[in-house]
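Subject: Structure handover

Hello,

Here is the structure I promised you. Please open it and keep it in view as you read on.

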Amino acid sequence: MLDQGLPRQSRLRTPKDFAVLSRGSKRVVGSYFQIRHTPGTQEKARLGLAVSRRVSGRAVQRNRIKRQVRESFRRHRIFLPSMDILVIARQGAAERDNTSLHAELESLFDRLTRLKPSR
């Protein structure tokens, strides 16, 4: 049975991890999310999240968006090449329902899955 959790080694945790992604990363952009990615430093893909108060002033909405991103990442993690991924929610994401958010995340993660790992 696959581990359905998101262990510590699958998350970006330090400011240094996020700083690398803000400088020399490539982007994949959708209507509600922007994904920045770089070749990974670990064996498997790692996820970082950025959902600011600009997206929604309500913590409930921001947390809902983060849950959707984490769930989509869990499903695609085994198919993704070794890369560090930062998912940034864009304005308007809070107004969309979970189905719309999930559909866009599926599309963006599918695009990342097709990328060739480069070092």
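This is a predicted model: local features need pLDDT of at least 70, side-chain atom pairs count only at pLDDT 80 or more; totals for chains, interfaces and linings use all residues.

Helix 3 covers residues 98–113, which makes 16 residues. From its first C-alpha to its last it reaches 22 Å. That is close to the 22 Å expected at 1.5 Å a residue.

Now look at its side chains. Which residues of helix 3 are buried? They are Leu 101, Glu 104, Leu 105, Leu 108, Phe 109 and Leu 112. Viewed down the helix axis, these buried residues fall within an arc of 130°, so they line one face of helix 3.

What do the buried residues of helix 3 pack against? Their partners are strand 1 (26–29), strand 2 (33–39), helix 2 (59–76) and strand 4 (83–89).

Next, the core. The largest nonpolar core has 24 residues. Phe 33, Ile 65, Ile 85, Val 87 and Phe 109 have the most contacts inside it. Strand 2, helix 2, strand 4 and helix 3 each give two or more residues to this core. The largest share, five residues, comes from helix 3.

Last, the rings. A search of the whole structure finds one aromatic pair. Phe 73 and Phe 109 form it, and the pair is tilted. Their centres are 6.1 Å apart, with 55° between the planes. The pair links distant parts of the chain: Phe 73 sits in helix 2 and Phe 109 in helix 3, 36 residues apart. Phe 73 is buried, at a relative accessible area of 0%. Phe 109 is buried too, with a value of 0%.

Best wishes

Definitions and conventions. Residues are numbered from 1 along each chain as its sequence is written. Side-chain values use heavy atoms; hydrogens and water are left out. Helices (H or I, at least four residues) and strands (E, at least two) are DSSP runs, numbered from the N terminus. The expected span of a helix is 1.5 Å times one less than its number of residues. Buried means under 20% relative accessible area, exposed over 50%, partly exposed in between (1.4 Å probe, protein chains only). The arc is that of the directions from the helix axis to the C-beta atoms. Contact means heavy atoms within 4.5 Å. A nonpolar core is a set of buried Ala, Val, Leu, Ile, Met, Phe, Trp, Tyr and Cys residues joined through side-chain atoms within 4.5 Å. Rings of Phe, Tyr and Trp (its six-membered ring) pair if their centres lie within 6.5 Å; planes under 30 degrees apart count as stacked, over 60 as edge-to-face and the rest as tilted.
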